[in-house]
Amino acid sequence: MENHNSDERQGDMICNLNNLPAWELKPQYKMKRVFPGEKDLVLKFIEENFDKPWVYEAEHAIMQEPVKCFIVTENSTIVGFACYDSSARGYFGPIGVSKDKRGEGLGEALTLRTLQAMYEYGYGYAIIGWVGPAKFYEKVCGATFIPGGEPQNTVYRNLTVF
């Protein structure tokens, strides 16, 4: 029997970009679109805190025009990032927040600002790729799983793991 528990299921989700909720950051944090000259700093942060493939996806997002990667800083130190159009056009992610800064609303703010940028770029919907668990995206932006959106059926089927 197929598991429909959104906490355990993995796959692509879809988010309507019309009417996204407002986002905010605590005053000690700053969010901005990455400047291409900061590429090495951002990629170093990602490599030290997350999976290596995310480094390549973020590099791709940073090298696009406009840059499709945002960072959150605290005292000029990167504590989070989010990208879009890196795995494929119309895809949100990857996204990551330092372990010691989780639970402070940074992931929510990064998600909503990046989805807002996708809307401003002309997208009506965003695909949130290879999600699992999903409660975060269900809550933050109302995302739902795409039927048949398991990784082996999406753009991720091109990875050597399948």
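Start at Asn75, which is exposed (over 50% relative accessible area, worked out with a 1.4 Å probe on protein chains only) at 70% relative accessibility. Asn75 sits in the loop between β3 and β4, and its phi is positive, about 50 degrees, although it is not a glycine. Asn19 has a positive phi too, about 70 degrees. You'll find Asn19 in the loop between β1 and β2, exposed with a relative accessible area of 76%. Helices (H or I, at least four residues) and strands (E, at least two) are DSSP runs, numbered from the N terminus.

A quick word on what you're looking at: this is a predicted model, where local features need pLDDT of at least 70 and side-chain atom pairs count only at pLDDT 80 or more, while totals for chains, interfaces and linings use all residues. Residues are numbered from 1 along each chain as its sequence is written, and side-chain values use heavy atoms, with hydrogens and water left out.

Now for the helices. The axes of α1 (residues 39-49) and α2 (residues 52-62) come within 8 Å and cross at roughly 155 degrees; axes here are lines fitted to C-alpha atoms, for helices over the stretch in contact, and angles run from 0 to 180 degrees between N-to-C directions. That makes α1 roughly antiparallel to α2, the word for angles over 145 degrees. On the α1 side, the contact (heavy atoms within 4.5 Å) is made by Lys39, Val42, Leu43, Ile46 and Glu47. From α2 come Lys52, Trp54, Val55, Ala58, Glu59 and Ile62.

Which residues of α2 are buried? They are Val55, Glu57, Ala58, Ala61 and Ile62, where buried means under 20% relative accessible area. These buried residues pack against α1, β3, β4 and β5.

Next, the inside. A nonpolar core is a set of buried Ala, Val, Leu, Ile, Met, Phe, Trp, Tyr and Cys residues joined through side-chain atoms within 4.5 Å. The largest one has 30 residues, and Ile128, Tyr137 and Cys141 touch the most other members. Helix α3 gives the most to this core, with seven residues. A second, separate core of 16 residues includes Phe45, Ile78, Phe81 and Cys83.

Helix α3 is also the place of Arg113, which counts as buried at 17% relative accessibility. Leaving aside neighbours within four places in sequence, Arg113 is in contact with Trp23, Met31, Arg33, Phe70 and Glu120.

Finally, two prolines. The peptide bond from Glu65 to Pro66 is cis, with omega near 0 degrees, and Pro66 lies in the loop between α2 and β3. Another cis bond joins Gly93 and Pro94, with omega about 5 degrees; Pro94 belongs to strand β5.

Terms used
Angles under 35 degrees count as roughly parallel, over 145 as roughly antiparallel, 65 to 115 as roughly perpendicular and the rest as oblique.
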